[in-house]
Amino acid sequence: MKKIWEVAVPHACALGEGPLWDHNTQQLYWVDILKKEIHRFSPETNAHHIQKLDQMVGAIAINSKGGLVAALQNGIALINSEKNTVEMVAEPEQHLPDNRFNDGKCDPDGRFWAGTMSMTNQHGTGSLYTLEKDLSVSVKIKNVSCSNGLAWSPDLQTLYYIDSLTFEVVSYDFDVESGGIQNKKVIIRIPPNEGLPDGMTIDEEGMLWIAYYNGWKVARWDPNIGKELNQIRLPVSQVTSCAFGGKTLEDLYITTANTGLNEQQKEKQPLAGALFVIKNSRFKGMKAFEFQPSKKQD
Ligand code: CA
């Protein structure tokens, strides 16, 4: 089979995650959760920048008022990258010190959604939250084991969600105005021998792109009929998430991880942890939504 992937940034992340195309600056953001780093890459100039944080960072989104909103180990924070300041605005799990925040994304109305997981392999201790535009916190889904992929359908009527340990993708009817979700349906079941469903994105045709941890691939699924349409094989096993980027949103960026691989596996997967890209994928992504806080900030 023809090799369609390229290495965009060879830097090996322990747990590369959360790719996000910043339309305003034409840069790709992603995080290394375990190394507590926010990465930024400009395909135009090839510049690669790393911002170090004091705690693990599961996901970030662009704050329309400047800077980023981030799901950190202990809560959700606003980050000013130039001043290098981190302002914690929500800590809904202070009573659960063994949990950390994991994947997150903004919804079409500008709320930031982020979920948690146990760091000690407890099942069902996590939740999916939203940081509302007034910086209050809502609980959206309880009894989550490993909160991961989030995507909204192009018509904004549906939220797709992955709790990895269920090996399922579920859908909810989504109300843009209230942020409410209801009517949960299981739409995709991943055969466990294919890997763990991790991060995901959606293209403008409404098809889901799901990363498979321990599955060596990203697969495109039709959520309406629960059918896998095609897949892209990668030279690394721990494929964590993907996002469309580039001027026309046709380049698919894919994050990966090298954490937990033994020496033999690392030898076989020298690119584990790199940022990959499928240029001119023939598919087009949706512009990432931004956090739109209503409250004035300094
Ligand atoms: Ca993930």
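Q: How far is the sulfur of C13 from the closest cysteine sulfur?
A: The closest cysteine sulfur to that of C13 belongs to C242 and is 16 Å away, which is too far for a bond. Keep in mind that this is a predicted model, in which local features need pLDDT of at least 70 and side-chain atom pairs count only at pLDDT 80 or more, whereas totals for chains, interfaces and linings use all residues. Residues are numbered from 1 along each chain as its sequence is written, and side-chain values use heavy atoms, with hydrogens and water left out.

Q: And C146, what is its closest cysteine sulfur?
A: For C146 the closest cysteine sulfur is in C242, at 16 Å, again too far for a bond. With a disulfide taken as a pair of cysteine sulfur atoms within 2.5 Å, the count comes to 0 disulfides.

Q: Is C13 buried or exposed?
A: C13 is buried, at a relative accessible area of 0%, and C146 is buried too, at 13%; buried means under 20% relative accessible area, exposed over 50%, and partly exposed in between, using a 1.4 Å probe and protein chains only.

Q: Changing topic, which residues coordinate the calcium ion?
A: The calcium ion is coordinated by E17 (OE), E17 (OE), N148 (OD1) and D198 (OD), at 2.2 to 3.0 Å. Donors are N, O and S atoms within 2.8 Å of the metal (3.2 Å for Na, K and Ca), and since water is not among the atoms, sites may look incomplete.

Q: Where do E17 and N148 lie?
A: E17 is in strand β2 (residues 16-22) and N148 in strand β14 (residues 147-152), so this pair ties together parts that are 131 residues apart in sequence. Both E17 and N148 are buried. Strands (E, at least two residues) and helices (H or I, at least four) are DSSP runs numbered from the N terminus.

Q: OK, pockets: which residues lie nearest the centre of the second largest pocket?
A: L15, R100, M117, C146 and L196 lie nearest its centre, out of 23 lining residues, and the elements giving two or more residues to that lining are β10 (99-106), β11 (112-118) and β18 (196-202). A pocket is an open set of points on a 1 Å grid over the protein atoms alone, with protein on both sides within 12 Å along at least five of seven lines; a cavity is a set where a 1.4 Å probe fits but cannot get out, and lining residues have an atom within 4 Å of a point.

Q: How much space lies in that second largest pocket?
A: About 440 Å³ lies in the second largest pocket, where a volume is the space filled by probe spheres set on grid points joined across faces, edges and corners.

Q: And how many cavities does the structure hold?
A: There are 2 cavities of 30 Å³ or more. The largest cavity has about 360 Å³ of space, and L20, K105, T201, M286 and A288 lie nearest its centre. The second largest cavity, at about 40 Å³, is lined by W21, D22, H23, I62, A288 and E290.

Q: Last one, what does T116 touch?
A: T116, which sits in strand β11, is buried with a relative accessible area of 0%. Its contacts (heavy atoms within 4.5 Å), not counting residues up to four places away in sequence, include E93, R100, Y129 and C146.
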